[in-house]
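Thanks for sending this one over.

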Amino acid sequence: MSRGIDFKQKEVISLNEGKILGFVVDVQADFENGEIHSIIVAKTGKIFGSISSKNNITIPWEKIKKIGEDVILVEI
């Protein structure tokens with residue numbers, strides 16, 4: 001499993017639509033047991049978007065299908 005910091009700034013792509021959703025700006029995790037629950041994605045064009053932005057997408061961990069060197073593939 002990757003560390004949360006490894007997710008920052010990776011591009012997120014939807015397998016269903018074949019389009020870029022945006023870039024990872026944060027992760028939600030349980031630090032007591034070390035599990036990542038979801039990633040926060042800033043929509044395309046907002047690579048340095050605010051974590052609290054209403055335009056961000058929260059993607060649950062179980063929707064992540066593949067984590068590559070440059071991109072994360074999700075099924076949403």
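1. Start with the side chains of Ser-38 and Gln-28: a polar contact of 2.7 Å joins them. By polar contact I mean a pair of N or O atoms within 3.5 Å; within protein, one has to be able to donate a hydrogen and the other to accept it, and residues adjacent in sequence count only if both atoms are side-chain atoms. Bear in mind that this is a predicted model, where local features need pLDDT of at least 70 and side-chain atom pairs count only at pLDDT 80 or more, while totals for chains, interfaces and linings use all residues. Residues are numbered from 1 along each chain as its sequence is written, and side-chain values use heavy atoms, with hydrogens and water left out.

2. Is Ser-38 buried or exposed? Ser-38 is buried, with a relative accessible area of 5% (buried is under 20%, exposed over 50%, partly exposed in between, with a 1.4 Å probe and protein chains only). Ser-38 sits in strand β3, residues 35-43. Setting aside neighbours within four places in sequence, its contacts (heavy atoms within 4.5 Å) are Val-27, Gln-28, Thr-58, Ile-59, Pro-60 and Trp-61.

3. Now the overall layout. The chain has six strands and zero helices; both are DSSP runs numbered from the N terminus, helices being H or I of at least four residues and strands E of at least two. The six strands form an open sheet in the order β4-β3-β2-β1-β6-β5, with mixed pairing (two strands pair if DSSP finds at least two bridges between them). At the edges stand β4 (57-60) and β5, each with a single partner strand, so one side of each lacks a neighbour in the sheet. On average, neighbouring strands are turned by 35° against each other, direction ignored; the axes are lines fitted to C-alpha atoms.

4. Two antiparallel pairs are worth a look. Strand β1 (residues 11-14) is joined to β2 (residues 20-30) by three bridges, and Val-12 has Gly-22 in β2 as its bridge partner. Three bridges also join β5 (residues 64-67) to β6 (residues 71-74).

5. Finally, the totals. Of the 76 residues, 32% count as buried. Among contacts between residues at least 6 apart in sequence, 37% join residues at least 24 apart.

Notes: Axes fitted to C-alpha atoms, helices over the stretch in contact; angles between N-to-C directions.
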